[in-house]
Protein chains: 2
Amino acid sequence: MSCAAQSRIHARIDASAIAHNLARLRSLLALHSAIVPRVWAVCKADAYGHGLALSLPGMAAADGLAVMDVASAAACRELGWRKPILLLGSPANMAELQDSGLSPLHVVIDDESQLDELARQGPGDLTLWLRFSGDLRHAGFSAHAYRRGFERATRLQQTGIVQQVGHLLHYARAEEPEYLRAERASFEALVAGLPGPRCTENSAALLSDPEYAGSTAWVRSGIALYGISPLAGITGEHLGLKPAMTLFADIHAIQQVPAGSPLGYGGAFVAEHDLRIALVHCGYADGYPRQPGPDACVLIAGQECAVVGRVSMDTVAIDVTAHPAAQRGTTVTLWGDAALPVERIAASAGTIAAQLCTGLTARVPRLRAHGPLPEAQTQ
Amino acid sequence: MSCAAQSRIHARIDASAIAHNLARLRSLLALHSAIVPRVWAVCKADAYGHGLALSLPGMAAADGLAVMDVASAAACRELGWRKPILLLGSPANMAELQDSGLSPLHVVIDDESQLDELARQGPGDLTLWLRFSGDLRHAGFSAHAYRRGFERATRLQQTGIVQQVGHLLHYARAEEPEYLRAERASFEALVAGLPGPRCTENSAALLSDPEYAGSTAWVRSGIALYGISPLAGITGEHLGLKPAMTLFADIHAIQQVPAGSPLGYGGAFVAEHDLRIALVHCGYADGYPRQPGPDACVLIAGQECAVVGRVSMDTVAIDVTAHPAAQRGTTVTLWGDAALPVERIAASAGTIAAQLCTGLTARVPRLRAHGPLPEAQTQ
């Protein structure tokens with residue numbers, strides 16, 4: 001008997017799930033406001049680890065894409081994206097933005113020196129978004145510097161150097177409705193009387209308190225687009241979202257572990273009774289959590305099977321004692337099924353789903369869902 | 001004033017450090033045994049996250065390279081490696097191994113079905129290593145199946161189907177000398193009277209109890225080659241090793257955070273007094289720990305500066321209140337300096353250095369140490 005072909009860890013990306021999630025967010029917005037804001041589909045970090053090329057087809061109905069840097073914007077243009085692109089990363093070098101192949105381009109501005117540089121460059125078609133640093137304080141203008149920055153940006157608009165100037169904010173605690181209301185009130189006081197569109201709401205804000213979005217021109221959605229809940233204790237499925245990524249690996253070996261015997265590095269796990277253990281080539285070097293928590297499991301033919309012992313660089317061990325049908329070559333779902341959402345693996349490992357998805361390394365092939373099986377392994 | 005060019009997170013790889021570490025392990029071996037065993041340089045997981053192409057020049061003096069799969073072996077051959085390659089991943093498809101471009105090839109065998117397949121293929125020049133599952137039990141023959149497997153492999157050798165058959169073991173707790181002695185004794189009992197070379201010792205075993213290595217033909221070294229200690233509570237520097245990877249990013253923004261104000265997502269960090277905060281583009285989507293621990297820090301001009309608040313997808317915040325020279329464009333060392341080894345960041349985050357290095361994502365450019373600065377950003 002020849003050995004079955006073995007497939008190590010790989011991620012299947014379903015662009016139709018992204019399209020579904022985008023439509024779902026739009027219906028939610030339509031339910032709460034007469035004028036539905038435009039949607040930036042956030043695809044930084046290689047589309048939250050899903051792969052830009054595999055994810056973009058699901059974002060076709062979005063009004064724009066939000067990325068971190070110019071190289072990512074150029075990648076989106078190469079993939080055929082023609083609608084606006086927003087640079088969230090506040091570029092240091094404004095001259096790079098003059099490439100007409102990037103247009104229409106929106107740019108987040110954090111600093112007056114960026115406005116100085118634009119002024120020297122002369123007329124262009126950029127749209128600027130001034131970032132208020134808010135409670136996050138990771139970037140942007142402080143409250144006392146914001147109005148002066150806005151006045152300078154407005155002068156650039158008046159002289160045709162930029163096309164429009166808007167107001168942008170990131171919430172530090174978007175999943176807390178009370179906090180949201182307070183932070184929105186601060187922001188409204190800050191921009192009171194100033195012209196220009198606003199962009200403040202993200203996935204968590206849209207889902208926890210959707211009414212405010214109708215007063216803004218654009219919303220941003222990242223994590224929810226990929227079918228993942230931004231709210232603790234709730235899964236994407238509860239919010240009507242579909243996971244865009246499912247992580248698989250095939251069993252490459254079965255081991256018998258007698259009662260009383262250890263398993264895995266460190267000898268931390270010892271079998272209480274005779275166990276039948278399945279091994280899959282998925283390890284922490286792929287981005288699977290090294291310490292996935294005592295309730296971590298995988299799905300085999302729809303059944304939950306416990307992850308046992310410490311995850312090694314290349315291997316996860318699974319208790320299949322009660323699943324005799326699990327054999328070498330049997331496919332294991334590591335996360336992303338409705339019955340095993342990535343949110344659950346994240347909670348078990350003490351992290352968040354965005355960390356797990358973006359933390360998948362180059363060793364994990366991302367493949368189109370329903371496409372051909374992987375041929376080559378990437379290392 | 002034009003904005004300084006900003007460099008987001010990138011890893012510098014110093015192949016000369018790998019060469020130094022290999023020489024260091026060899027002198028340690030020579031100190032304890034008359035016959036120095038040959039060394040497999042383990043470069044699975046893209047050379048423990050360092051990048052195969054950047055790391056291989058440092059391994060030129062090794063006797064062989066150990067990788068997981070055929071694709072990685074082929075990559076080593078394309079990079080010009082001519083000495084033996086060991087496939088640790090126990091390939092499912094033995095026909096792939098007949099490619100003469102891969103020779104000389106050593107293959108780990110976990111299962112009799114692999115021997116069946118080899119028998120059908122006829123004469124070849126493979127060297128086999130039978131893996132004893134030991135206490136790790138992640139792969140390999142159990143104690144009762146081992147001798148039968150070895151006899152079958154020996155018959156393949158006698159008929160010219162393979163060249164040699166050796167004995168291989170992974171220790172589950174290689175950092176514990178008492179455990180090592182017990183596991184070695186079990187292994188010696190298992191292979192007593194059987195011909196063939198042995199390969200049991202890894203970095204941790206070599207460094208915690210080096211004498212035994214002289215009785216084996218080959219040793220394997222992974223983590224120590226990259227300058228990282230496999231032993232808890234000891235850094236590579238204490239072992240005479242040099243870190244091969246240093247992780248850098250430049251400050252892209254400075255924020256003032258007034259006393260009593262929060263910083264970062266979740267509002268978990270609140271400034272006790274007025275703070276000056278530096279931001280660098282390095283986040284959990286790059287593989288930096290999302291929750292790096294209360295004692296986590298970076299180096300700026302040789303001075304330790306605390307990481308504050310929760311690490312976000314794209315940003316680490318650093319307290320530079322006491323470092324007025326830290327400005328936009330100033331380079332920050334995230335790990336890999338003698339004064340800030342990756343072992344320390346790992347301990348602070350409750351993980352191990354191998355997880356951090358192999359967990360760096362495709363977004364982090366790996367660059368040759370002392371080479372040119374990064375031009376393009378990868379996303």
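How many disulfides does the structure hold over all chains? The model, which is a predicted one, holds 0 disulfides over all chains. A disulfide is a covalent bond between the sulfur atoms of two cysteines, and the count used here asks for a pair of such sulfur atoms within 2.5 Å. In chain A, the cysteine sulfur closest to that of C282(A) belongs to C357(A) and is 13 Å away, which is too far for a bond. In chain B, the sulfur of C199(B) has its closest cysteine sulfur in C43(B), at 14 Å, and this too is too far for a bond.

The axes of α6 (residues 143–158) and α7 (residues 177–191) of chain B come within 10 Å and cross at roughly 40°. Because angles under 35 degrees count as roughly parallel and those from 65 to 115 as roughly perpendicular, α6(B) and α7(B) are oblique to each other. The crossing of α6(B) and α7(B) is right-handed, and the residues that meet there are A143(B), Y146(B) and R147(B) from α6(B) with A189(B), L190(B) and V191(B) from α7(B).

Is T235(B) buried or exposed? Its relative accessible area is 17%, and because buried means under 20%, T235(B) is buried. Once its neighbours within four places in sequence are set aside, T235(B) is in contact with S229(B), P341(B) and E343(B).

In chain A, helix α5 (residues 112–121) shows which of its residues are covered and by what. The buried residues of α5(A) are E112(A), S113(A), Q114(A), L115(A), E117(A) and L118(A). The elements that cover these buried residues of α5(A) include β5 (105–109), β6 (127–132) and α6 (143–158) of chain A. After the helix comes G122(A), and the phi of G122(A) is positive, near 85°.

Technical notes
Residues are numbered from 1 along each chain as its sequence is written. Chains are lettered from A and ligands numbered from 1 in the order in which they are written. This is a predicted model: local features need pLDDT of at least 70, side-chain atom pairs count only at pLDDT 80 or more; totals for chains, interfaces and linings use all residues. Side-chain values use heavy atoms; hydrogens and water are left out. Axes are lines fitted to C-alpha atoms, for helices over the stretch in contact, and angles run from 0 to 180 degrees between N-to-C directions. Helices (H or I, at least four residues) and strands (E, at least two) are DSSP runs, numbered from the N terminus. Angles under 35 degrees count as roughly parallel, over 145 as roughly antiparallel, 65 to 115 as roughly perpendicular and the rest as oblique. A crossing is left-handed if the near helix is turned anticlockwise from the far one by less than a right angle, and right-handed if clockwise. Contact means heavy atoms within 4.5 Å. Buried means under 20% relative accessible area, exposed over 50%, partly exposed in between (1.4 Å probe, protein chains only).
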